[in-house]
Amino acid sequence: MVPSSTIRRKARELGFDACRIARADAAPQAGERLRAWLAEGAHGDMDWMAETADRRVSPRALWPQARSVVMLGVNYGPAGDPLAALADKTRGAISVYARNRDYHDLVKGRLKQLAAFLLKEAGAKGERADAKVFVDTAPVMEKPLAQAAGLGWQGKHTNLVSREFGSWLFLGVIVTTLDLAPDSPETDHCGACRRCLDVCPTRAFPAPYRLDARRCISYLMIEHKGPIPRELRAAMGNRIYGCDDCLAVCPWNKFAQATREAKLAARPGFERLALADLARLDDAGFRALFAGSPIKRIGHARFLCNVLIAIGNSGEVALAEEARRLLSHASPLVRGAAVWALARLLPAAEFAALAALRLPQETDEAVTADWAKETHCAKK
Ligand code: B12
Ligand code: SF4
Ligand code: SF4
């Protein structure tokens with residue numbers, strides 16, 4: 001058997017901050033809870049969650065030969081106050097995890113190296129084995145497995161909390177046919193605290209330990225396909241990609257440290273990008289600015305919608321010009337968000353005059369309906 005200490009030493013050398021082991025069937029309740037969550041429809045339009053449910057319930061369902069999981073964590077702790085960017089309404093707030101390189105690329109490369117090392121060590125001991133590596137995108141429930149391995153516990157905000165790194169651990173997993181010595185699971189240390197539940201701007205937690213993704217800003221900005229529900233837009237403030245509020249208020253962050261990984265520390269300026277500049281980016285400019293970042297994955301149109309909602313929430317009349325220009329954008333989603341932003345920034349008479357001018361040119365039914373709705377509730 002490859003000793004845990006050998007795996008941990010190599011993991012540390014490769015840049016992982018935490019490494020613990022569990023049996024592949026160590027989180028038996030997770031599958032049942034996943035099914036209940038899906039049955040409630042809490043996954044919204046993340047159809048891929050439901051489509052892969054049969055395999056997602058357990059690593060053994062995904063790969064019957066799996067015996068052990070090696071759970072890895074990479075600390076992406078911010079250097080300063082993670083919520084400071086929410087203060088300046090004329091600038092966009094990007095969540096901590098997206099302020100530099102896409103962690104999927106970074107973590108996956110390291111997982112592959114660690115898996116290769118593990119198989120080589122096992123081979124040297126005459127053990128025939130196989131391994132697969134996953135980070136986020138595969139049908140594996142990483143959080144309950146990480147808790148079973150002792151990396152942390154699933155807090156009331158449903159994310160993994162570590163006694164050493166607080167809320168700021170990316171997770172990755174190596175699933176292997178090897179029998180490895182399991183570590184002990186971590187227990188829940190939330191106690192009576194409910195800070196994360198109370199801070200959520202869109203009230204996305206129907207109960208502790210349960211998230212309704214349909215109300216979560218992170219889902220709405222990154223995963224949701226259609227227009228963001230109007231009743232949730234004001235609560236999004238100046239966020240333009242993801243949300244950290246429930247993570248940031250956790251008292252266990254007092255033990256957190258800034259990441260040691262330069263590729264995960266905020267890129268200079270990324271915490272203070274002006275909404276006006278972001279609204280003016282064309283597709284090529286968007287791709288260039290966010291090259292290598294997870295933000296690029298949502299595409300230019302989706303990104304502009306997020307920026308327009310932040311513009312609508314800014315209270316800054318000067319930004320109406322940016323929204324007015326985007327009324328001519330090719331995407332109806334962007335045009336609809338521009339209508340919403342203008343209704344919040346312009347006086348009612350000016351908005352009505354603009355509607356009279358632009359409405360006859362609008363060809364999309366949903367955007368036409370947006371004009372009608374906003375004409376009723378435009379700022380007096
Ligand atoms: C889908 C998904 C999302 C969705 C849904 C999130 C969710 N909580 O399920 C959306 C788009 C909203 C999202 C947002 C974010 N995500 Co995300 N996401 C995932 C993904 C791909 C799957 C998660 C999943 O299986 N959800 C299904 C639900 C049913 O599972 P669950 O959350 O584990 O639910 C458990 C609890 O509800 C619990 N439970 C239910 N009832 C009860 C009752 C009791 C008493 C108890 C104790 C427990 C309990 O049991 C369930 C099963 O364990 C994972 C990667 C992966 N493959 O695991 C990343 C992942 C969870 N995301 C991650 C991150 C960083 C984020 C964001 C912080 C990003 C951001 N800043 O915007 C936010 C956080 C929002 C939040 N509060 O969760 C990290 C979290 C790392 C960590 N330390 O936990 C992961 C692990 C990716 C990674 N590889 O690092 N995400
Ligand atoms: S990420 Fe933001 S919106 Fe989503 S649950 Fe946490 S605080 Fe609420
Ligand atoms: S904020 Fe409180 S309740 Fe939420 S995860 Fe942290 S300790 Fe648990």
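Modeller: Quick ground rules: residues are numbered from 1 along each chain as its sequence is written, and chains are lettered from A and ligands numbered from 1 in the order in which they are written. The model is predicted, with local features needing pLDDT of at least 70 and side-chain atom pairs counting only at pLDDT 80 or more, while totals for chains, interfaces and linings use all residues.

Colleague: What makes Ala131 buried?

Modeller: Buried takes 20 or more other C-beta atoms within 10 Å of the residue's own, exposed is 12 or fewer, and partly exposed is in between, with C-beta atoms placed from the backbone. Ala131 has 20 within 10 Å, so it counts as buried.

Colleague: Where is Ala131 found, and what does it touch?

Modeller: Ala131 is found in strand E4; strands (E, at least two residues) and helices (H or I, at least four) are DSSP runs, numbered from the N terminus. Leaving out residues up to four places away in sequence, Ala131 touches Ala115, Leu118, Leu119, Ile174, Val175 and Thr176, where contact is C-beta atoms, placed from the backbone, within 7 Å. Ala131 and Ile174 sit 43 residues apart in sequence, yet 6.5 Å apart in space, C-alpha to C-alpha.

Colleague: Which residues of H6 are buried, and what do they pack against?

Modeller: In H6 the buried ones are Tyr103, Leu106, Val107, Leu111, Leu114, Leu118, Leu119 and Ala122. They pack against helix H1 (4-13) and strands E2 (68-75), E4 (131-134) and E7 (169-176). After H6 comes Gly126, with a positive phi near 80°.

Colleague: How do you know that the length of H6 agrees with what a helix should span?

Modeller: The expected span is 1.5 Å times one less than the number of residues. For the 22 residues of H6 (103-124) that gives 32 Å, and the end C-alpha atoms are 32 Å apart, so the two agree.

Colleague: Why is H16 called largely enclosed?

Modeller: Because 13 of its 14 residues are buried, the rest of the structure largely encloses H16.

Colleague: Which residues come nearest to ligand 3, and how does its shell divide by class?

Modeller: Gly155, Cys190, Cys193, Cys196 and Cys250 come nearest, out of 13 around ligand 3; a residue is near if its C-beta atom, placed from the backbone, lies within 6 Å. The shell has eight nonpolar, two polar and three charged residues, with Ala, Val, Leu, Ile, Met, Phe, Trp, Tyr, Cys and Pro as nonpolar, Asp, Glu, Lys and Arg as charged, and the others, Gly among them, as polar.

Terms used. Contact = placed C-beta atoms within 7 Å.
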